[in-house]
Amino acid sequence: MASWGEASESRLIGKRITRLSGKDKVTGKAKYTFDINEPGMLYGRILRSEVAHATVMGVDMSEAEALPGVKAVIPLIEVDKKVRYQGQEIAAVAAETDDIAKDAIRLIRVDLEELPHVVTEEDAMAAGAPEIRDWAGNQSEPGVREEGNIEEGFAEAAVEVEATYHTPVQTHVCLETHGHVAKWEDNQNLTVWASTQGVFGVRNDFAQRFELPANQVRVITEHMGGGFGSKFGPGLEGHTAAELSRITGKPVKLMLTRKSEHLVAGNRPSMTQKVRAGATSDGRLIAYDMKGYGTGGISSGAGFTGPYVYYVPNSRTERFNVATNAGNQRAMRAPGHPQGAFAMDSLMDELAEKLGMNPLEFRRINDPNEVRQAQYTLGAQEIGWHRRNNVAGSGTGVKKRGIGVGSGQWGGGGGRGTEARVTINADGTVEAVTGTQDIGTGVRTVIAIIVAEEFGLDTTDIRVKVGDSQPGLPSGGSGGSQTTPSVAPVIKTAAAAAKQKLFERIAPLLDAPVADLRVGTGTIYAVSDRTKTITWQQATGQLGMESISEGGTWEEDLRQNGAAGTQFAEVEVDTQTGAVRLIKIVAVQDCGLAINRLTTESQINGGVIMGLGQALLEERFMDPVTGRMLNANLEDYKVPGTFEIPEIKSIVFDTHRKVTGVGEPPCIPTPGAIANAVYNAIGVRIRSLPITPDKVLDALAEKKA
Amino acid sequence: MDKFSYVNATSLEQVTSLLSESGWGEVMLIAGGTDLVGELKEYIETPKTLVNLKTLPGMDSIEAEASGLKIGALATITDIAMHPTIQHHYTVLAQAAASVATPQIRNVGTLGGNLCQRPRCWYYRDEATHCLKKGGDTCYAVDGLSKYHAILGGDPVYIVHPSDLAPALIALGASVKIVGPEGEKTVSLEEFFTLPAANPFRENVLEPNEIVVEVSVPAPKSNTRSFYLKAREKGAPDFALASVAGVFQMNGKTCEAASVVLGGVAPAPWRSKEAEAALIGKMINDAVSQQAGSDAVKDAQPLNDNAYKVTLTQNLVSRAAMMAAS
């Protein structure tokens, strides 16, 4: 059975190892898609609708075509078709400079006949609301799920809570916007630099779109600036870049503007849920009745979890989707979970208070997950749970502190489908190649660690090549926290196979059985006779003109599905300004074997920061009057900055030595923990994210009145 | 942005002469550009000519004398925030300057630009929205989303003035020197700013051919305590949800004189005579400070989404008063 070995035997695995690409990134040497500039390259731009709902009556591109420097203008929508959200594509240009391209799209005349729009869930559900889709109504059929018997459950309940929780639409805010540089050669080979989470998926998509054999499309993602679930396909902007390149015969760069990124590149759907829940006098969650909806824009897919994490024997849930004239949702870091967790953890605290029970104790009773049970103890110690207010809002003074807890659960077990190759050259150099991509999580370094550990080398001795479809070693998209658990087992077995081959070559030289050979630090020796030692260089020198090159297999025993997490937050609320300041977040995150403890902690930090942004700052504002997004920028769409980020204690809770992905789960418990901490501080519950000063002040005023 | 020609200014005469060639918007002035460039990129302004003021000599100085300050319009916000005399004796101004945006913006943004910056209103800044401020017939904040809009003096345009320096300078009794083709004039900074009822398209008294060249601030009395309190959603960069510039002359806990100017709540920096009256001559305690707070907002008329600003402003005024007495 394949294994990662004991911690005591590991020289590199599980240690804190600096990211291999770190220096290149901070010095600007690392090339992102944005940085790719090919000789003769043109710049693409897309004209988008500023109207949320309209029929296209005409598109006149003649003035744009006549502008000097413009090389191509193509329509992206047909006359008589409808635009159904602000930002929908109308036409695209390719020009010699980006400035000319910008000027050119403004010369395209679009005749739109405006139709009534609905951009909020309430407006879309209102009686007599305009129907905004030809293929379905504004509201989907509710999906209903029942377990147990909720009437019997409520009959058993000693306390009940009824509440409505809301989270708004959030956008991904990838620092590198979506985009591509596309280059056709001889009308039959297409190379695309893509800011993507899925090199091979994008390759296959381009091959299909342009009817090319897959091996004539090459997709390269050397470095990329964030995807969070929104960058799995080329999208219309990718197809447009390639089409403009095909038409002009020149490379074309087409990156989305920040505004477009907010409008069309995906978002986390909203959630509104009305829930009634009950618990028994001894603290058992007994009944849960929830009806909820969300909007993912013009598409469907506004799902969320609930009930979440805690065991409820009797439940009834009803969820439906509401369509609005807004850009489509896409998967966003733990889709459905943070919003569901916020509602559930708020509800848990409300029930606990009615029971007169410590909310942590209430969770211990109702949480069937053993890992999280242990995490509750550890996290409570770290945050100083005993310091919380026994009576919410009982602190004195203008600035009041509070402590709260939230929970999360994820899979992250990885899967088959990764091909990798580990090569040992005669000069001692080592290469590890696979078609995965490093979306910022550090998989490049993870691969180097695994190979270096296997060979007794340093991570910097390993040349890792990822983010390129050309070697033809496919791997899946980086989503679902699957990258490391999918890739690591294959790299491990490939390296082990290569090592075995090397041992076979040098065993005669050392006059020792292959089974006796071990790697030291830069050496290979016989365990039965330590005088039989040669250096790595001497060993590989035996290969002559040949290299050893081995593939690997995805050994299931090397990874495990399931990652529990708990977070504790301490906040300080200024009751005069409504400002919530985070004091500390403790994130206890189950992740199995952390191959690189440093980047695992970074993942947890990043998840917490995204979670606190959702908790305190982020909200897409859709204007019911104009139908437009009012904050499609980074001024009024507020993301966390250094002032918002508190001390984060990231605890890598590694209870076993199998790899589990940890990209998504750390953002799940944060909003619930913060919301509960705010309640503990001021004694007023904010049931709607983000918890901004206006809501805090209004709630405090209501309490006073 | 559209194409424009770029002229390096050589003298104020040349600048006012260039400005006199046309009305608003054809010839525009640029110093730090932190506001204007955003307007150009969003096509809110489409000038034919930009006049670079940074080439004007001697307009970036800060002179601190016993009688007061003279700050050139080209002094950067960082210059103001870091000036030792301003930090010690004109605290409200140093605090206001330090609260602006980010270090990068403060390093290039100028005093003149900060006073003359345009509103941040999300309808005004959206090219596709032809709002009242841009010559249309609707202030969209009235029926639309108004979280960041005015609660005082709005009618008919509910923008808020975004400057942090202006409330602080008005509270200190500053005046501004303006140069036009006919020569120079000095107006009190309080009277420099105007409300939309007077002119919905502009935020101050400047004519199209006039330029702000200097701000003078009288030296505060030795018993002065001053503060700038700025509430925002984000540490930085963020504009004020509401801010209070308070300058108080204190005798122990008794307030002998006070000037209280609000930011972020009205289309112009909002001098609250009501709050001042509630404080002057009083021994400041909880009750007095709270009275000052509620008097400051008694005329407030919030829109759909910004009633919280009433409470917030009230609390900030009270807090500033309590700080003066502590």
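**Close-up 1. A245(B) and its bridge partner in strand β11 of chain B.** In this predicted model, A245(B) is bridged to V261(B) of β11(B). Strand β10 (residues 242-251) of chain B runs antiparallel to β11(B), joined by nine bridges. Together they belong to an open four-stranded sheet of chain B, in the order β9-β10-β11-β12 with antiparallel pairing. At its edges lie β9 (224-231) and β12 (270-271), each pairing on one side only. Strands pair here if DSSP finds at least two bridges between them; strands (E, at least two residues) and helices (H or I, at least four) are DSSP runs numbered from the N terminus.

Two notes for reading along: residues are numbered from 1 along each chain as its sequence is written, and chains are lettered from A, with ligands numbered from 1, in the order in which they are written. Local features need pLDDT of at least 70 and side-chain atom pairs count only at pLDDT 80 or more, while totals for chains, interfaces and linings use all residues.

**Close-up 2. Helix α11 of chain B and its cover.** Among the buried residues of α11 (residues 286-296) are S289(B), Q291(B) and A292(B). Buried means 20 or more other C-beta atoms within 10 Å of a residue's own, with C-beta atoms placed from the backbone. The cover includes β11 (254-263), α10 (273-279) and α12 (308-325) of chain B.

**Close-up 3. T540(A) in helix α14 of chain A.** Helix α14 (residues 536-541) holds T540(A). Why is T540(A) buried? Because 24 other C-beta atoms lie within 10 Å. Its contacts (C-beta atoms, placed from the backbone, within 7 Å) include I424(A) and G428(A), leaving aside residues up to four places away in sequence.

Notes: Buried ≥ 20, exposed ≤ 12 C-beta atoms within 10 Å, placed from the backbone. Contact = placed C-beta atoms within 7 Å.
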